[in-house]
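Trainee: Could you take me through one part of this protein closely, namely the space enclosed inside it and the residues around that space?

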Amino acid sequence: MFQLTRSVTWQSLLKLREETANDRIRDYFVRDPERFNKMSLRVGGLFLDYSKHQISDQVLDRLLELAHHSALVQRRAQMFSGDIINVTEDRPVLHTALRNLGDTPVIVDGKDVMPEIHSTREQIKRFSEAVRSGEWKGHSGERIRDVVNIGIGGSDLGPNMACRALLKHRHPELNFHFVSNVDGAHIQKVLRGLNPATTLFIVSTKTFSTQETLLNARTARRWFLEQAGEDADIGAHFVAASTNRKAAMEFGIREENVFEFWAWVGGRYSMWSSIGLPIALAIGFDGFIEMLQGAWEMDQHFLQAPLEQNMPVLMALIGIWYINFVGAETQAIVPYDQALHQLPAFLQQLDMESNGKSVDIFGRPVDYKTGPIVWGQTGSNGQHAFFQLLHQGTRYVPIDFIASLKPEPGVEDHHFALLTNMLAQANAFMEGSQQGGDLDPYSCPGNRPSSVLLLDELTPRNLGALIALYEHKVFVQGVIWNINSFDQWGVQLGKRIAGEISERIDERTQDFDASTQGLLSLVREHFPASEKSSASTAKKKGSKASR
Ligand code: F6P
């Protein structure tokens, strides 16, 4: 059977790593004045410079060979056409169909799913327009002014990140809030200061069974009923984005206000579905479609561009080089754009939940590293926090710098400082400092790699393209590692045990380890039975649901 690490290409990459380990990135530029032109490319409104990597021409050729020899071309076609590539959950992976704005049919189980997608899009259009125009009224006849999205993981991070990124396009009379944490302080803080008569809650949950979301949704409903309305008014203030229509209706949501999506949309890939409802409410349906359009354009690029000029493929291969051949453990994401401050958190879930796997698609343990630890925060804040370690610490951390070129009117000087800081950092990481000569122990060693991704402007379209770019990067890496990027059994384990613990806390069972038992006895003292049982009811319901 094929073993990746024994392949000729893998072995030659290992050898190349030994041969190039002491190469200086800056020398590549001296040797090849065309390097920047050769190692940069534009797709729509996105420009990627990947020249500042410790990757020689020969290394890049071998990495591309790795992609050519993998199942990438086949698996990519399978994903777009609706084949079952999420083998452990026995389902297709079709977030790309959600941004298919044309009429190309996408067949799942012999049925074209595009008509359903179109009809949900229409539902999102009607609803978002009604709320934005004020035609949608709360129970007392007032227009909606605050929208609270209640969800977690993929049902929070995508819309949360996008709404913040596109804040300047937001409807001026609508405020957006995102509640995800099961910590009651989160929802309490959001509810404080809201007027129930003018608040709309979106219960965003693929399964309608996630403990955190159900607890938060119930607390929101209780608050609403205590403050203002009656059961019959719930329908005017609560809507749901869910595949579980029945559970949403049992919660009190009107059938016509359940925004459907489908099992073949993974949670972390769901911002293009009705999970993106807050985005449509914030920036308008046309803006939402523009975001889909940007993602669709990146899809077409990913499908059609030769691997050598394929942005997601190149980013994936660069990551593989550092993870598998250089030994980097982490990948930093540093947007020089305050509006993108939630992007690292979003990409963390996208990448780590997708490629945090140690068995291949046949369930066999892999003998190579897979997904990196993804982390980061905005620059220039990061410069005054963790950059010191990146410059002079003992870790080797590749960085993705991300920024948009177009300044905001009135603060051009800030934007200029932002961009020049970013470029200075990328340069400093590569060049290092040699003030005191090589023997100065305090000089920065340099030779640290980074990519620079520039958006012409932070528009819905470019944001859509950016997110699709990272989705496909993660996909390509998963294919080369031959893992299933679309399940998350580790997360499910935690959910199951949380359910067991909350149900059995009074049993004083010895089934848990001594540490857990000891800690539980401390917790037990603080909770009367009634509080425990409401949490465990949500758990029980969640235990069977699939993501
Ligand atoms: O974090 C695990 C996960 O299963 C994610 O994939 C998903 O986005 C999240 O939980 C929330 O699940 P749901 O949308 O069903 O509430």
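Mentor: Happy to. Start with the largest cavity: 16 residues line it, and Met315, Ile318, Gly319, Gln331 and Asp400 are the ones nearest its centre. A cavity here is a set of points on a 1 Å grid over the protein atoms alone where a 1.4 Å probe fits but cannot get out, and lining residues have an atom within 4 Å of a point. Before going on, please note that this is a predicted model, in which local features need pLDDT of at least 70, side-chain atom pairs count only at pLDDT 80 or more, and totals for chains, interfaces and linings use all residues. Numbering runs from 1 along each chain as its sequence is written, and side-chain values use heavy atoms, with hydrogens and water left out.

The volume of the largest cavity is about 140 Å³, where a volume is the space filled by probe spheres set on the grid points, which are joined across faces, edges and corners. Its lining takes at least two residues from each of α15 (311-326), β10 and α19 (460-480). The biggest share comes from α15, with five residues. Helices (H or I, at least four residues) and strands (E, at least two) are DSSP runs, numbered from the N terminus. By class, this lining has seven nonpolar, six polar and three charged residues. Ala, Val, Leu, Ile, Met, Phe, Trp, Tyr, Cys and Pro count as nonpolar, Asp, Glu, Lys and Arg as charged, and the others, Gly among them, as polar.

Now look at glutamine 331, which sits in strand β10 (residues 330-335). Glutamine 331 counts as buried because its relative accessible area is 9%, and buried means under 20%, exposed over 50% and partly exposed in between, using a 1.4 Å probe and protein chains only. The side chain of glutamine 331 makes a polar contact of 3.3 Å with the side chain of aspartate 400. Such a contact is a pair of N or O atoms within 3.5 Å; within protein, one must be able to donate a hydrogen and the other to accept it, and residues adjacent in sequence count only if both atoms are side-chain atoms. With neighbours within four places in sequence set aside, glutamine 331 touches Pro372, Ile373, Val374, Trp375, Pro398, Ile399 and Asp400, where contact means heavy atoms within 4.5 Å.

How many cavities of 30 Å³ or more are there? The count is three. At least three of its residues come from each of domain 1 (4-97 + 288-431 + 444-487) and domain 2 (110-283), with bounds taken from an automatic or database domain assignment. The protein also has a domain 3 (492-524), and the C-alpha centres of domain 1 and domain 3 are 40 Å apart.

Glycine 379 and serine 380 are joined by a cis peptide bond, with omega about 10°, and serine 380 is in the loop between β11 (373-375) and α17 (387-392). Asparagine 447 is not a glycine, yet has a positive phi of about 65°. That asparagine 447 lies in the loop between α18 (412-431) and β13 (450-455), and it is buried, at 12% relative accessibility.

Note on methods. 1 Å grid on protein atoms, 1.4 Å probe; cavity = no way out; pocket = protein on both sides within 12 Å on 5 of 7 lines; lining within 4 Å.
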